[in-house]
Amino acid sequence: MMTDAIRQQLLAQTVAVREQAYAPYSKFLVGAALLTEDGQVVTGCNVENASFGMTICAERNAVFAAVAQGHRRFQAIALATVGGATPCGACRQVLAEFCDDLPILIVDVAQPHVVIETSLAVLLPGRFKL
């Protein structure tokens with residue numbers, strides 16, 4: 001269960017890691033903070049590339065870092081952008097590899113007091129699964 005203190009920590013870390021994003025082309029900085037099953041927070045930010053197909057989103061960056069640390073189950077993910085964007089389709093599918101459903105907290109850094117709460121099941125109904 002995510003306490004209010006953990007929720008606030010997750011939101012603070014996603015806003016902070018957003019500042020580390022490398023987005024010289026789009027100027028669209030994204031931060032992600034993934035809460036693991038055992039309560040650890042793993043962060044990621046988007047990293048763009050001149051060859052746009054090589055760009056990595058913040059959500060996948062956080063998931064891949066968590067997997068590299070041995071995590072496979074997650075409690076929630078928080079995202080920080082200007083405008084409060086939701087995960088792209090590729091990120092939704094990567095998250096779905098590890099969770100049938102996942103709470104998603106979205107913060108618009110222009111209005112940080114407003115947090116949108118949704119879930120992976122809402123954003124990706126009928127996900128692809130082998």
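Where does Val 47 lie? Select it and you'll land in the loop between β2 (41-45) and α2 (58-68); helices (H or I, at least four residues) and strands (E, at least two) are DSSP runs, numbered from the N terminus.

A quick note before we go on. You're looking at a predicted model, where local features need pLDDT of at least 70 and side-chain atom pairs count only at pLDDT 80 or more, while totals for chains, interfaces and linings use all residues. Residues are numbered from 1 along each chain as its sequence is written, and side-chain values use heavy atoms, with hydrogens and water left out.

Stop 1: Val 47 is partly exposed at 32% (buried is under 20% relative accessible area, exposed over 50%, partly exposed in between).

**Stop 2: the rings.** There are two aromatic pairs to find; ring centres of Phe, Tyr and Trp (its six-membered ring) must lie within 6.5 Å, and planes under 30 degrees apart count as stacked, over 60 as edge-to-face, the rest as tilted. Tyr 25 and Phe 52 are edge-to-face, 5.8 Å centre to centre with 85° between the planes. They sit 27 residues apart, Tyr 25 in the loop between α1 and β1 and Phe 52 in the loop between β2 and α2. Tyr 25 is partly exposed at 42%, and Phe 52 is exposed at 56%.

Now pick Phe 74 and Phe 98, an edge-to-face pair at 5.8 Å centre to centre and 75°. This pair links strand β3 (residues 74-81) to helix α3 (residues 89-98). Phe 74 is buried at 10%, whereas Phe 98 is partly exposed at 25%.

**Stop 3: a charged residue inside.** Jump to Glu 59 in helix α2. Glu 59 is buried yet has no salt bridge, and the nearest side chain of opposite charge, Arg 60, is 6.6 Å away. A salt bridge needs a side-chain nitrogen of Lys or Arg within 4 Å of a carboxyl oxygen of Asp or Glu; Lys and Arg count as positive, Asp and Glu as negative, and His and the chain ends are not counted.

Terms used:
Buried < 20%, exposed > 50% of the residue type's maximum accessible area, 1.4 Å probe, protein only.
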